[in-house]
Amino acid sequence: MATEEWVKRAIENSKTYEDLPPKVRTVLPVAEWKAKVKEHCIQCGFGWTESLANTSCSEPEYYEDLLRFYRYNYRLFPYHLSDYVCRVLRVTPFKYYCDLLYTVMREEKSYDQIPNFAAADIVQLVGIGRNEYIAIMNKCKAKKLLWRVNKSIAKEYLPVTPLDLNMQPWWTVAVVNLSEQEHRALSPEELKVCQDCCKPGAKVADLDRQLLQQLHKKGLIHLDVPIRPEDHVSIPPLEGFVSNKDSDEEGKGDPLEALLYAVFVASSERASVAELAGILSVKVPKLQMAISIACRLGFGTRLPPAGEGEAKRVQSGEVGSELDLGDGTSTPASTAAHKATKDGEPALAIAGLSVGEAGQATALVVDAEVTSILMMGALSPGLKRHSVTLFEGGRVTGREVIAELVEELRGSVAAAERFEGEMRNLAAYAKALAQALDCIRTAGGNRPVEVLRKESLAGLAPSAACRVLSHAYAAVVPITPLPYPPLPLSPNTPGPTNFGPTAEAGTPWLQLALYTAMAEGPLTVVLVCGQRLWRLPPQLACCTHALVWPWDLESVRAQSSPVMLDAAFLLFSLNEYLSRTAIMVQPLNLPEGTEVGGLTAVQIPLPPLSKETSLQGIDTRTGSTVSVERPANFDAAMKKLGLQHALGSLRLVKFDLACATASNENIDVANMPRQAQQAEGQRGVSQEEQSADESAWVPLHLQLGLPLVPAELCDLVCSQATAAKFLDTDCRRQHQDGQAQLQQQLFSIISDYGACSNCQAVSGSKEDEAVSFVDLPIYNLLFDGKQMHQLDYSDYQQGIGCLCIE
């Protein structure tokens with residue numbers, strides 16, 4: 001295995017067989033080496049001339065094997081190799097895709113097996129989509145025995161000529177190697193066009209379009225889509241996209257497809273191709289190939305080069321803004337495109353940016369669930385188009401497009417008024433999304449607004465995703481809750497203002513920091529990962545239910561947090577969870593059959609604007625606006641945690657004090673540390689003083705981000721955020737400072753009760769450190785409603801926890 005890895009790295013580094021060490025050459029024959037080189041070059045789609053393939057086989061053999069590999073793995077036609085494939089081998093994209101379709105039909109596979117971009121190209125060239133494919137397969141299977149013994153009858157139903165191409169004026173045309181017979185069959189006009197196409201750089205705009213279409217259908221010309229490093233590209237809403245499957249099979253997937261999705265997410269009219277290559281950390285020639293395919297398929301548009309539309313872009317501030325290159329000098333962004341070196345290394349032009357300095361837009365960050373809800377609730381015709389763009393392209397951009405999306409959302413809400421049940425819920429979600437977009441548009445003034453799907457960043461490294469967000473956006477507003485992990489942004493490193501949680505704030509550490517800052521909260525037990533309980537601790541022994549908050553939701557396969565458990569299953573479930581992650585447990589005394597939504601709770605919107613003695617919030621059970629008494633330490637806690645300008649909601653829950661008292665009756669005070677014993681005595685006095693009260697409001701959960709559910713809470717958060725002018729420059733900087741303060745508080749509590757191995761990443765010296773992982777607690781802890789204490793659970797453990805420190 002070690003030798004295989006070494007050989008693979010040697011091939012990637014373009015080493016020849018003679019460069020290998022003698023020991024490797026003794027176990028690796030030259031024939032096997034050549035086969036591995038050839039296989040690697042074909043999988044990567046390299047040209048024969050500029051790769052090691054020219055040392056392993058002949059040029060015709062290499063390209064024939066490459067086409068065979070591409071066809072049987074349903075890849076896009078290798079347009080970047082058209083000069084040889086089309087000109088010499090005389091294999092046109094139309095012929096290639098007909099052979100690919102025949103391969104799929106012969107194996108009786110579904111149309112969904114063809115990857116997305118290849119399927120889109122097939123529709124554009126061959127005219128066979130999902131419905132046409134099914135119709136052809138039905139005709140073939142209707143022949144019964146003939147189909148079983150002769151699969152080639154499928155070729156009879158395939159077209160014989162390609163469809164007309166939507167040629168752009170800036171595309172270039174080249175002629176193939178014509179035979180003498182083909183040359184004689186040409187008309188004088190066609191011959192003249194072919195002669196013009198022999199000139200280097202012949203453009204479609206200089207030739208007769210009708211004659212070009214005729215020559216294209218005859219397979220006598222091939223078209224190239226030239227993309228230069230200094231070009232700027234925009235991605236309009238996706239039209240004609242075929243949603244099949246991703247080409248993600250290891251070793252056989254098309255590397256250009258993954259890059260195309262990255263282009264959809266990262267592209268900006270402000271960034272040149274060379275700058276975009278620096279943002280994505282890919283070589284410029286490779287990115288040029290991907291963008292060329294996007295423009296060929298109609299999913300991308302090359303903006304007019306300098307001289308045609310430069311004046312308009314300069315006036316709008318889209319080109320020419322000065323960016324700090326990190327070396328003390330500044331240069332226009334347009335000149336960064338020329339910093340691509342001869343070997344194709346990208347030029348990065350966004351290093352060292354200050355808060356919100358590079359980006360201009362504001363992004364509303366959503367998840368895949370939002371796109372699915374929009375698809376199911378698409379009661380207006382145009383909403384589905386935006387849903388497909390968001391799901392496949394990763395984002396929806398453009399002022400007019402966003403305005404159209406808001407109108408379509410409102411149209412869906414209006415159309416759903418006559419419906420009931422689930423459709424009403426979908427309409428409420430659409431209403432909340434429209435309200436959120438309106439809030440961002442109003443607060444941002446003339447700043448552009450985009451909708452970004454968080455999962456579209458998953459294919460990028462955290463550092464690359466951070467560069468994408470930094471280049472495009474001045475602020476990002478994630479909805480809540482979003483799947484973990486959160487966006488790879490840190491308040492201590494350059495980038496856009498993030499109104500969502502950091503990695504640490506997306507875990508129960510945030511709740512522990514909230515309870516500690518307010519000196520108020522429900523009885524809470526933190527259990528260390530790796531230990532196994534043989535009986536329930538006294539704090540959990542008398543409850544009827546418990547709320548469980550895992551540090552790692554994915555490891556315990558929980559859909560959301562918290563998880564409510566009945567007491568009968570509590571011990572078993574805790575041990576199952578503890579074998580995978582640390583957990584935070586809160587005991588409850590509730591009627592049988594109660595769910596999380598059945599708790600008496602009020603959602604308080606953030607940012608907190610009112611200074612009155614009461615707080616306005618949303619009752620989670622009725623959805624009505626209610627007033628609750630302002631907790632004593634609320635303002636002090638908001639200031640300590642830096643949440644004065646935060647966006648989100650605080651859930652207050654009404655617990656019966658009798659429940660808390662009953663849950664604490666059996667605490668083994670003798671096994672607690674001395675400070676915990678003293679605090680327990682003080683707690684007993686405070687509970688006696690409050691015995692006249694039947695219930696109290698305590699903080700349960702703090703969520704950072706813009707909530708869309710319930711819609712009433714979204715409306716309240718949006719109105720307070722707009723009133724606070726949360727997207728103004730000063731307010732964004734104050735929020736950035738507050739988020740850094742919150743991060744410091746989280747690191748402080750992690751340093752007290754966790755390993756704190758990640759706390760040093762606050763300096764931001766390494767781009768990926770701050771988002772790599774979050775420390776788990778290393779002590780069993782108790783929050784008694786006022787203070788945090790360490791607990792000794794040795795009497796309740798089977799063995800010693802693998803992360804527990806005594």
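Helices (H or I, at least four residues) and strands (E, at least two) are DSSP runs, numbered from the N terminus. The model is predicted: local features need pLDDT of at least 70, side-chain atom pairs count only at pLDDT 80 or more, and totals for chains, interfaces and linings use all residues. Residues are numbered from 1 along each chain as its sequence is written, and side-chain values use heavy atoms, without hydrogens and water.

Helix α3 spans residues 30-44 and helix α4 residues 59-72. They pack at an angle of about 55 degrees, with axes 10 Å apart. Axes are lines fitted to C-alpha atoms, for helices over the stretch in contact, and angles run from 0 to 180 degrees between N-to-C directions. The crossing of α3 past α4 is right-handed. A crossing is right-handed if the near helix is turned clockwise from the far one by less than a right angle, and left-handed if anticlockwise. On the α3 side, Lys38, Cys41, Ile42 and Gln43 take part. They meet Glu61, Tyr62, Asp65, Leu66, Phe69 and Tyr70 of α4. Contact means heavy atoms within 4.5 Å. The residues of this contact comprise six nonpolar, one polar and three charged. Here Ala, Val, Leu, Ile, Met, Phe, Trp, Tyr, Cys and Pro count as nonpolar, Asp, Glu, Lys and Arg as charged, and the others, Gly among them, as polar.

The crossing is left-handed. Helix α17 contributes Val370, Ile373, Leu374 and Met376. Helix α20 contributes Met423, Leu426, Tyr429 and Leu433. The contact residues divide into eight nonpolar, no polar and no charged.

The model also holds an open sheet of six strands, in the order β14-β13-β15-β12-β22-β23, with antiparallel pairing. Two strands pair if DSSP finds at least two bridges between them. The edge strands, β14 (563-566) and β23 (788-790), each pair on one side only. From one strand to the next, the twist averages 25 degrees. Four bridges join β13 (residues 545-550) to β14. His545 stands opposite Asp566 in β14. Helix α22 (residues 509-518) lies across β12, β13, β15, β22 and β23. This helix runs at about 55 degrees to β15 (583-588).
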